[in-house]
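Subject: Structure for your review

Hello,

Here is the structure, followed by notes on what was found in it. Please read the notes with the coordinates open.

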Amino acid sequence: MADVVLDEVMGELAGLEDPKIRAVNAKHGDDHGVNLSRLRALAKRLKTQQELACRLWETGDGAARLLAILVCRPKAFGRDELDAMVREARTPKVHDWLVNYVVKKSPHSEELRLTWFADPDPVVASAGWALTTERVAKRPGVLDLPGLLDVIEAEMKDVPERLQWAMNACLAQIGIDHAEYRARAIDIGERLEVLKDYPTPPGCTSPFAPIWINEIVRRRHEE
């Protein structure tokens with residue numbers, strides 16, 4: 001029965017495949033061609049199915065793994081399972097969804113944050129930084145914020161892109177949420193110039209940390 005359900009779901013995913021979407025996603029390093037709104041609709045219909053989620057993940061297919069993340073039970077995964085999954089999740093969208101939709105809801109998230117933070121694999125390390133950014137916003141008491149700024153200042157300019165984005169987000173979050181470190185965060189961003197020239201669509205906030213920090217702080221003061 002499980003094989004039948006898996007085959008049916010994989011068939012549905014194949015039917016949702018759009019070559020144009022795949023071509024656009026490929027430019028960003030992703031390997032699927034499914035409209036995410038339609039993927040979410042499929043997940044809503046399937047509801048939570050942990051066994052199916054595990055089998056979808058095992059296929060290695062990008063769209064199947066995204067669907068697995070949407071239908072899984074995050075707290076059902078063990079620490080080692082999540083560690084293995086993050087190391088297998090090589091495409092940006094799968095990696096991002098896995099960290100944000102699964103790992104952040106896991107009772108193992110803090111242990112994994114500490115494990116991944118300084119991992120030699122920059123993609124795995126980026127997951128550690130993403131979890132740290134959430135702590136900056138929600139549980140800063142467990143962190144050494146000046147120490148994080150020291151690491152960002154020393155390393156962010158020269159690390160690989162995925163890790164650089166994660167460290168930059170952490171820099172911005174520190175500046176946004178912690179007024180006592182805001183001037184230093186902005187200064188680090190201005191000197192390193194990471195993502196300063198990143199093309200930003202109209203109506204969106206630049207990922208350049210000084211602009212990002214000032215814009216979000218301004219909005220909060222207006223609320």
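Leaving aside neighbours within four places in sequence, which residues is N25 in contact with? The residues are D30, H32 and G33, where contact means heavy atoms within 4.5 Å. N25 is located in helix α2; helices (H or I, at least four residues) and strands (E, at least two) are DSSP runs, numbered from the N terminus. N25 counts as buried because its relative accessibility is 13%. Buried means under 20% relative accessible area, exposed over 50%, and partly exposed in between, with a 1.4 Å probe and protein chains only.

Some conventions first. This is a predicted model, in which local features need pLDDT of at least 70 and side-chain atom pairs count only at pLDDT 80 or more, while totals for chains, interfaces and linings use all residues. Residues are numbered from 1 along each chain as its sequence is written, and side-chain values use heavy atoms, with hydrogens and water left out.

Pocket and cavity

Both were found on a 1 Å grid over the protein atoms alone: a cavity is a set of points where a 1.4 Å probe fits but cannot get out, a pocket is an open set with protein on both sides within 12 Å along at least five of seven lines, and lining residues have an atom within 4 Å of a point. Grid points are joined across faces, edges and corners, and a volume is the space filled by probe spheres set on the points.

The largest pocket has a volume of about 1,100 Å³. Its lining has 32 residues, and P92, K93, D96, R162 and W165 lie nearest the centre. Two or more lining residues come from each of α2 (19-27), α7 (92-102), α9 (122-138), α11 (161-177) and α13 (209-222). The largest share, eight residues, belongs to α11. By class, the pocket lining has 15 nonpolar, nine polar and eight charged residues. Ala, Val, Leu, Ile, Met, Phe, Trp, Tyr, Cys and Pro count as nonpolar, Asp, Glu, Lys and Arg as charged, and the others, Gly among them, as polar.

The count of cavities of 30 Å³ or more comes to one. The largest cavity holds about 30 Å³ of space, and A53, W57, A68, I69, C72, F77, M85 and V102 line it. The cavity lining has eight nonpolar, no polar and no charged residues.

Nonpolar cores

A nonpolar core is a set of buried Ala, Val, Leu, Ile, Met, Phe, Trp, Tyr and Cys residues joined through side-chain atoms within 4.5 Å. The largest one has 37 residues, and those with the most contacts inside it are L13, L56, W57, L67, L98, V103 and W116. The elements giving two or more residues to this core are α1 (2-16), α3 (36-46), α4, α5, α6 (79-88), α7, α8 and α9. The largest share of this core, seven residues, comes from α5. Apart from this core lies another, of 28 residues, including A125, W129, A172 and V194.

Not counting residues up to four places away in sequence, V103 touches L82, V86, L98, S109, L112, W116 and L131.

Individual residues

S109 is in helix α8 (residues 109-116) and counts as buried because its relative accessibility is 8%. With residues up to four places away in sequence not counted, S109 touches V103, K104, L131 and R135. The side chains of S109 and R135 make a polar contact (3.1 Å); such a contact is a pair of N or O atoms within 3.5 Å, and within protein one must be able to donate a hydrogen and the other to accept it, with residues adjacent in sequence counting only if both atoms are side-chain atoms.

E134 belongs to helix α9 and is buried, with a relative accessible area of 16%. Its C-alpha atom is separated by 8.3 Å from that of C170, 36 residues apart along the chain.

In helix α10 (residues 145-155), L145, G147, L148, L149 and I152 are buried. The buried residues of α10 pack against α9, α11 and α12. At the start of α10, a side-chain oxygen of D144 reaches to within 3.0 Å of the backbone nitrogen of G147.

Most residues other than glycine have a negative phi. In the loop between α12 (182-192) and α13 lies E193, whose phi is positive, near 60°. L195 is found in the loop between α12 and α13 and has a positive phi of about 65°. E193 is partly exposed, with a relative accessible area of 40%, whereas L195 is buried, at 14%.

Regards
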